[in-house]
Amino acid sequence: MPARPEPAPLGAWSAPVPIPFVDLDAQRRRLGSRLDTAIARVLAHGRFIMGPEVAELEAQLAAFCGARNAITCASGTDALALGLMAKGIGPGDAVLMPGFTFVATAEPVAWLGAVPVFLDVVPDTFNLDPACLEQGVRTARAVGLTPRAVIAVDLFGQPADYDAIETICARHGLWLMADAAQSFGATYRQRRVGTLGAITATSFFPAKPLGCYGDGGCVFTDDDELAEAMRSLRVHGQGRDKYDNVRIGVNARLDTLQAAILLEKLAIFADELDARRMVAAHYEALGEDVQVPRVIAQATSAWAQYTVVVEDGRDALAAALKSEGIPTAVYYPRPLNLQSAYRRYPVAGGGLPVAEQLSRQVLSLPMHPYLDPGTQARIVDAVRRARESLSRPPPAGE
Ligand SMILES: Cc1ncc(COP(=O)(O)O)c(C=O)c1O
């Protein structure tokens, strides 16, 4: 009987230290007691709904991005809904949007009885392809709908190509909403996200570039009438008199506690955006191994995600990284036109070849402002080694 190999001595092998995908603890440590003090202040004054921190946050958010009005709300999804409701979107209306996005872009359109029409995206920016808009208008009309609006999504933190989109919107009398859930802090032609489109909607979901400790969102607009409508809609359609509701609204207020937390996080946000840009710049070294994202010349990204395209072997790469303690995510494994609840909606041109291909090839790597150079080097090195070994032909005889 062959001798059994000696077991490896204890401690000779240890699992690689897992890397967080988003490190909220590091941010928490940086903010230290400031967060506790801010929360304690709200507990002391007790104005948990529409307390003073909400108004202060709205003023600071508007100043940060240069919008005339910032209206906080309960989530990014509600932010989109408030915009659509303020514009009177409803049955018979079509809202054009990219099919490669999170479901929340389309969901409020469907709530309102309107119809999302899905369009394809640009392969290396992941954002709405303006060249598909005309086809989207034709598709909507062909099924008897009135094209009313476009929702441009700033996927992974990069603004869509607003100038090109706005030109086509103007030609067809469409209004434009920016789904900036992932891009607050980014810029487009020297303008900050928040001032693009008639209405901008963002999210403060914890993992977003500016995130709170729960759900939260905000809508921005330079149009005072729309702003007043959205302020009313988020509180049950309230009029000037609290008990005279002048429109059918929703309950979509941001909690005062979340506003207090966001005020502390906003104070370090510009610095965190710089740190995200540095991380993204280091990841560019991966350009020879996988396709790295392209940021259009006139924009900067908020780098909510760092998403690469792996032409073949995406899942094998993810598995190899996982075995080294490196988490990855697939945003999004299925475009909206292929999701069960959304299959019945129109698709411009009959299919979304780019979105469908991307859903099989994208892989998001750990991205947050506290990713130190050593840890990042470990990720880059692991991607390289995995790509090398995966591309090597198997030894002869196998
Ligand atoms: C593109 C996009 N739109 C909308 C939303 C909705 O935001 P929330 O989760 O705050 O409702 C998200 C959130 O992930 C998103 O990524």
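A: Two strands pair if DSSP finds at least two bridges between them, and the strands themselves (E, at least two residues), like the helices (H or I, at least four), are DSSP runs numbered from the N terminus. The model is a predicted one, in which local features need pLDDT of at least 70 and side-chain atom pairs count only at pLDDT 80 or more, while totals for chains, interfaces and linings use all residues. Residues are numbered from 1 along each chain as its sequence is written, and side-chain values use heavy atoms, with hydrogens and water left out.

Tyr188 stands opposite Ala299 in β10, and strand β6 (residues 187-188) pairs with β10 in the antiparallel sense over two bridges. Three strands form this open sheet, in the order β7-β6-β10, with antiparallel pairing. Because β7 (191-192) and β10 stand at the edges with a single partner strand each, one side of each is left without a neighbour in the sheet.

Now to the salt bridges, each being a side-chain nitrogen of Lys or Arg within 4 Å of a carboxyl oxygen of Asp or Glu. The structure holds 14 of them. In one, the side chains of Arg148 and Asp93 meet at 2.9 Å, N to O. Arg148 lies in strand β4 (residues 146-153) and Asp93 in strand β2 (residues 93-98), so this pair ties together parts that are 55 residues apart in sequence. Relative accessible area is judged here with a 1.4 Å probe on protein chains only, where buried means under 20%, exposed over 50%, and partly exposed in between. Asp93, at 8% relative accessibility, counts as buried, whereas Arg148, at 25%, counts as partly exposed.

Another salt bridge joins the side chains of Asp124 and Arg294 at 2.8 Å, N to O. It links distant parts of the chain, 170 residues apart, with Asp124 in the loop between β3 (115-119) and α6 (133-142) and Arg294 in the loop between α10 (269-283) and β10 (299-300). Asp124 counts as partly exposed at 24% relative accessibility, and Arg294 counts as partly exposed at 38%.

A further contact brings together the side chains of Glu324 and Arg385, again a salt bridge, at 2.9 Å, N to O. Glu324 lies in the loop between α11 (314-323) and α12 (353-361) and Arg385 in helix α13 (residues 373-391), so the pair ties together parts that are 61 residues apart in sequence. Glu324, Asp381 and Arg385 are linked in a network of salt bridges.
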